[in-house]
Structures are given as C-alpha cells and as structure tokens.
Amino acid sequence: MEAPSRPTGSSSTSQTRTRTGATSPRPGRTWARWSSSTRRPVTLKRSSRWGRSRRASTRAGNREGVWASRRMGVQAHSISFLPMNCRPVLFALAIACLVGLLSGPAAVRGQSFEQRVAPFPVQDTTGSAYKFPFLGGLNTPRPQLVDLDDDGDLDLVLQERRGRLIYFENTGAPTAPTFEWRTDHFQELNVGAWFQFGDLSDDGTLDLLAEEPISNIRYYRNAGTAETPDFVEAEGPLRRADGTAISADRQNVPALAALDCSGPPDLLIGPLNGRLRYYEHTGTRNGKTPVFEKIADEYQDVCVGPENVCGGSASSSPGGAGSTERHGANVVTAGDLGGDGDPDLLWGDFFSESLYLLENTGSCDADSLERVTDTYPPSAPLQTSGHNAPDLADLDGDGDLDLLVGVLGGGGGGSNAVENLFYLENEGTDAQPSYTLRTRQFLSSLDVGGVSTLALVDLDDDGDRDLVVGNNRAPDATSARLTYFENVGSSTTPTFQRRPDPLLPDAENGFNFAPAFADLDADGTPDLLLGTFSGTVRFYRNTGTAAAPQFERVPDRDVELQQGNYATPALVDIDGDGDLDLFVGSSSAEGTVSFYRNEGSAQTPDFVFVTDTYGDIQVGKSRTHPAFADRDGDGAPDLHLGTNAGIALYENTGTAQAAAFDASPDSLALPLRPLAAPALADIDGDDRMDLMVGGEGGGIKYFKGRSDADEPPPSLGDSVQVAPNPFAAQTTLTFALDEAARVRLSVYDLVGRRVSVLVNRQLGPGEHTARFRGPGRASGVYLYVLSVDGRIRTRGRMTRVR
C-alpha cells in the first residue's frame, strides 16, 4: 500500500487549532462552578534542583516517554467533559447536563464519546478481520442463547463480569446467525454473579433469574412483551410456598428444566456437596411471582465428585479418565441429548476439564437421571482449564442441539485468557449427537490475555498511528509481551493488522508491560519506556530506523518508583519548556501519581524526582494509569487518570507553562472494565479526539469522539407523550415513527444517572409505547431522552409522586 502523504504545516500551527467557540476561556463552566463549591485548583510550582532525591540523582539521564511527535498534533484537539458533580436544582440545568447523551456515551462540552465495537477493521496475523475487535476482551464468559426479541432466531447474552449482561442481537436468520453487539449492560440489570432466562410465568414470554446476595435468587418478571421484554425486579428473593427463601450459592449456576416435559420449568441446583437439589414449579404468588417447592436435596442419588464424596454408587461414579478427585463451583444446563423428548443435564465443574453428562434414562412421566460419563462429548471430549459453562441450543436451525461453552477457568491446566468461548456444532442427529469443535473464540476480538495497556504511535513513519498493546502475561507464556498492530490503512481510514513477531526480544521477561513512546534523543525515531510490575520503568533506545524500529535495552537509564508496583508511564510537556516530563501511575495504597520533571532538554532528558503524590491526587486503593490531552482547547494538558473504577478527569485550570489541576475530579460515565488504561488521539483523522481503553479483560474498548455539531438541534416539542404525569405507580410514554429506525428511550435522574432503558431495539413505523414504573424509585423529577438512529430526537421530564 502506498504510504499516505504527511500533513503539511508547522507544529505550532497544528497546536493552535481549536473548536468553534473555544477561543473564550472555559465556555459554559460558570454553572458547573456554581453547582460545586468544593472544587478548588491545586497549583504545582516548579521545584529547584534541591528537590532531586538521592535515589533519583544517581540516575542522571533517566528517560521516559510517549511518542508525542509534534507533526502528529497530539495536542491539536480540544476535548471537554460533563462534570461528574453536575447537580442542577432547576430543570433547565438538568436538561443541559444531558445534552450529548447518545446511546451511553460520556457527555462533553463540545464533544461526546460513543462506544463502538467494530468502527474499522482489525485483523489477525493472517489478515482475517476480527468480528468484534473492540469488545474489550473476555476472561470468564458465561453464555446463554435465547430468543430475546421473539423473531424466531437465537440471540446471545453473555456475562463477563458481576452484575452486567452483554447483549448480541441475531440479525441473521435461524439457519444462518449473524450477531451484532448492542450493549455491555443489558437494560441496566443487576444480575449479580449469574443469570438464567426462562419462561417461568408460562405466558410465552421470557423471565429472568439472577443471583441475589447473599446466596439467594432474584426474580425479574417480564412486564413487557415477547418482542420487547421489560424485566422488572420482584420484591424480595425467590421463595417456596411457605415463604422460605430458596438458597443458591453464587458460584453454582442452576438449570431450568421441565423434567415432566410440560409446563413451566423446574429449578435444578448443584450445591457444593456435588449433589442435585430439585425444586418443582408449583404455580405463582399473586399471579406474578413463581413459587417452587423443594422435592429433594439429593435428587435420585445423583452426585458429581469422587467416591469419598459420592459413595461410589452406580448412578454417581462411572469413573474413567475424566474423573476428578474434587468437585466445586459449577454450571448446569439442560437439553434433550438423546432425542427421546425428555431433558438430560450437562454439568461443568470447577475441577473438571470436561463436562459431566447426567442422562435421563427414564421418561417424561418417570424421570431417571444417571451420571453416565465424566467426559463429554464422548467422541472428542472437551478439554479446557476447567469450570466450563455449557449452553445447549439449536444455533444453526437444523433441528439438533449445538453446544456453546464458556471457560471460566478452574482446577485444570493451561490458560483461558483468550480462547475461552468454544462452539461445538452438532453434525449428528437429535437422537445421536456428534460434535465438532468449530472455534475456541466464538466472538473473535482483539484480546492479548490478562490485563491490557496500550499506546498509539507511528512506529513505521508512514504518517498514521499504529497500535501497541501490552499485557500482564501472554497466554501460555511465562512473561508479559508487547503486541504490535500495524496500521496498514491510513490516518483517516485505519486498518490494524497484528504482526506475528513480538516487538521486544523474548529475552525481555517481566510482568504487566505498560508501553509509552517518545523520541527521547531527537533522532527522529520513537524510543520506548516500559512500565513493569516491579515498579521499574525500563528504557529502550530505538536503534533501528524510522520505518523499521528495533529496541535495545539501556538499563542505566531505567527509572524506579519510590513506592508501589505496576508502573504505568506517561510523558507530557507539563511546564511548556519544550521537553517532555514524566508521570508514572502505580499500585500505591492511596492511588497516587508520581512526577519526574525533565531538567534536561528534548535531546538529553534528565528526569528529576519531584513527588510521588502529584497534586495530592488520591483515588483510594487502586492502580492508576495517567494519560494527558488538552480536553478544552486552552493549550494546557488535562489529566485523564485510569483507575479500578474508570477514568477520573482532572482539569488543568492553569496554563501551558504553569499547570494547576482541580483537586476534585470529573468522571467519564463509560462502560469500562476495572484497571482502565486510557489513550487519547485522533485515530480516524476527523479532528476529534477518540479514546481507546485497555483494562482487566485483556482487550481494548474504543469510543469515537463526536462533536455536538454533528447532532441536529434536538426538538423540545411534544413528540413523546407522557401520561399520567405526574404519576405514582407507573406512566406510559408514547411516541411515533414515520419509518423504521433503531430507537433508544432512556430515563435519567436529576444528577444525570441513567436509571432505566425502556426501549433499545429496531422498531417499525407507527405508534409505540413504553412503561416506566414507580415502585422502588424515589419521588421527584425524571428526565427521558429519545434517540432515533443514534441521534437525539427529543427529551423531557416526568414527575413521580407518592
């Protein structure tokens, strides 16, 4: 591919580019200042060389950096955000807080962020594109295939972290599924440690069971329709007929199965003793909440575990190569694997690398469960790192049950950090299944395993940004690794392709690699500083060329943290003197950032330790990962600090020469994994700052920068009718579409927190309604926002009274 031409113009020209209206100082901040009297600037004065610590003074010439080439225009883009502590007391101010909220992006002053999972191609080493490149990585996926929108095909719901469900809509056909990512937090439901969909009310619509702390079961009734489900939490835990709460350990995911082959499903739980607890569905309470009655704690003497636990009975211990010495946390699922019309059970156990098959050798009138094998499928047994989460469903519409298995990671060997969602196609029949493994990564994505960090840098001198991703430890390896994704597209239409060779020699061992690039010796090539678990920031000189980098370790220029581990370096010219200063995040007990001022020059940097509590920043017990970008176009870099909880934003209220950061941070309300590692840059050349974030999942999340100018002025008319308003128990929101469109109708409270998503799907032309329920919610004003095809159409308010 022909290399794109470089942008013309001097660096000073690019750095003075501003947004419309950005010439006045901090436009629109007056109301935010008025709403929070606790915000105060912290000014950091330039220290004298007497501030050099003894430890730091022995390392003159220490070097660190981010490849902040002036020709790339890193500081050329302004970006501003909605303050976290926006607490309006008038409705007009509350509406101002919500401007720019689009399908979950973080609102900003002049710009918003919108999450995108596949914004541009990202390819593996063979050139094949990942289907979901910026999913963020999967470590412990627990899947369920279920028709959530009643369109005749199976959608995919996935739990990767506690309390949240990821939803993929099947936009294909029953025989040719095509999954599209829709949300990382389906209907804002808090599902605890596990979930299970099923028609528990026997009305043809799906309801939901989930874990309720501690060791109880939470029931969500579908108060919507089969096509548009609306899951509403019932009051209190799921109970037996006598009112006793049904207990279920959070690490044991139950199965829903009608053992008599009719009516609503019963509840089957695998406790930690390896037995099978059986609750029969006996009806409903008040016509809404299902009621179960316990039939047995040790149903039919079924047991999963060794002889010393199960007693060696014929129904519980078939033995064989798959037998384990222990048993523990488990996931149970049901399906007819014998073609005889009654449900069998698959059991994934923490200490099993495969699956147990509990075959129903009886009938619908008299079920009889028998543990017939400890390894499944029999022709080619599944073998993983353990704690497998199976789901049986006819994914390809051929009339037999296929098998989708999430690998949660248990007592087996090997790694489950990347290849952890197995799809096994049933090429046999309903009566005689025969499974073939099709993929170990059903949702293909950029995933380097473990905890990921990243850097955006032009490594091959072709005028566009490449992507370098670090991890805590490479899968099936003894050390961390840097993975290089070359941009084989351009600066406006990026395409990233993974290169097979590691960026550093295999001899460079260590854990938790966090890369940062900069031309630290003014030779026109980016050098590398690498944060590590030990707290050392390693220096690597680029001894190659601008087009073909090679990195050579220079140990005597390493930087050692004064306290903490997990060093995460970032470089920025914080004092406007033309050279790059060094900031390092870490895992210190208080969640602080260390600062090393460059007392040398751009050609020969001399990083002098100033403080390990920069700006008195303390985010609590958390790792920190700093990144800098001028978010408000005033020429002074602002601090974006990745933490265990997300990204904290510290506005630079000073100048380019004298930084002064607010002591109280704002926050980006984005769906991020813990250990957020941000990087900001204009990735697609549209003059808007984009955001990539690494984290716990081992992948990357991408958020496209959008300008408010991209959105048409939203109508404040009466396109949404709310009645009754005010309301007590519930109110109905009615709106009409002229043509088919993707619709999202969300509700927020007055501090900008989203409390409900009423609609989030494709709708046809005509009138539509959605209900917002009051029980369990505080009285007061709520704000609704209606988006059509990703653009705000209207917004308004409604009031709940008691």
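Q: Which residue in β47 stands opposite A723?
A: In this predicted model, local features need pLDDT of at least 70 and side-chain atom pairs 80 or more, while totals for chains, interfaces and linings use all residues. Residues are numbered from 1 along each chain as its sequence is written, and side-chain values use heavy atoms, without hydrogens and water. Strands are DSSP runs of E with at least two residues, numbered from the N terminus. Within β47, the residue opposite A723 is T732.

Q: How many bridges join β46 to β47?
A: β46 (residues 720–723) and β47 (residues 730–737) run antiparallel, and they form a hairpin with six residues between them. Strands pair if DSSP finds at least two bridges between them. For β46 and β47, the number of bridges is four.

Q: Which element gives the most to the lining of the second largest pocket?
A: The lining has 32 residues (with an atom within 4 Å of a point of the pocket, an open set on a 1 Å grid with protein on both sides within 12 Å along at least five of seven lines). Elements giving two or more residues are β10 (216–222), β11 (231–233), β49 (754–763) and β50 (766–773). With five residues, the one that gives the most is β49.

Q: Between which domains does the second largest pocket lie?
A: V232, E233, A234, E235 and P775 are the lining residues nearest the centre of this pocket. Two domains, with bounds from an automatic or database assignment, both give residues to the lining, so the pocket lies between domain 1 (149–308 + 326–439) and domain 3 (721–800).

Note on methods. On a 1 Å grid over the protein atoms alone, a cavity is a set of points where a 1.4 Å probe fits but cannot get out, and a pocket is an open set with protein on both sides within 12 Å along at least five of seven lines; lining residues have an atom within 4 Å of a point.
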